[in-house]
Amino acid sequence: MLNEPASLRPARALLYLHGFNSSSASPKARLVKAACETLARHEGRPFTCLTPDLSYRPDVAYQQAEAALETLGREETLLVGSSMGGFLATLLAERHGLRAVLINPAVQPSRFVGQYLGQTLLNDASGEHFTIDNSYFDQLAALQWDRIVYPSRYLLLLGSADETLDCRDALRAYAGSRMLIHPGGDHGFDVLPEYLPTLFAHGGWRVPASLVLP
């Protein structure tokens, strides 16, 4: 664990981590990437954004997320994660002392393995089939973080009507973090465009009111 960053300089890069069995082609991933490009053009300075495709296996997904962060540089990268991506973003934020925006994050994903055990799932983006087995529980349990050391690093965007994850779990686990709850928001959080200025502000970027983000 690293000490609380003293500087709130604007992030130089953004790493977006999608949810379980999703991809870089998801609406939120494409939205965030397009917004980064718009903001960089407006400001006239680089703002690198990566939205890697992550494996359905938790241990591999974490390794891929670490590798993407290494590519961007571990200093001054803003992490953004949705659902399972929020769980992974938390691991990176705690390990490297980074700021993170979490969208309906999974708090303890190993609890849900039993619901899907033995099921074969399809990734629509890659066309790949895979089956949930006990190794998923073991991998997630091994990755599980214990507590949030510096809550001020985090901004949580939560839907009050999330049909997949109970937002009260995140409220408890990230107590002390900044949280915005969208009334009636679902797990997909399709209202994300409304929150883009706030998302980038957490990374130290000021989005002019005149700038229209995607």
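View 1. Partly exposed lies between buried (under 20% relative accessible area) and exposed (over 50%), with a 1.4 Å probe and protein chains only. This is a predicted model, in which local features need pLDDT of at least 70, side-chain atom pairs count only at pLDDT 80 or more, and totals for chains, interfaces and linings use all residues. Residues are numbered from 1 along each chain as its sequence is written, and side-chain values use heavy atoms, leaving out hydrogens and water. A salt bridge puts a side-chain nitrogen of Lys or Arg within 4 Å of a carboxyl oxygen of Asp or Glu. Asp 169 is buried, at 16%.

**View 2. Arg 95 meets Glu 66 in a salt bridge**. The N to O distance is 2.7 Å. Arg 95 sits in helix α3 (residues 84-96) and Glu 66 in helix α2 (residues 58-72), 29 residues apart. Helices are DSSP runs (H or I, at least four residues), and strands are runs of E (at least two), numbered from the N terminus. Arg 95 is partly exposed at 47%. Glu 66 is buried at 11%.

**View 3. Asp 166 forms a salt bridge with Arg 168**. Their closest N and O atoms are 2.7 Å apart. Asp 166 is partly exposed, with a relative accessible area of 34%.

**View 4. Arg 9, Arg 12 and Glu 76 form one network**. Salt bridges with shared partners join these residues. The count of salt bridges comes to nine.
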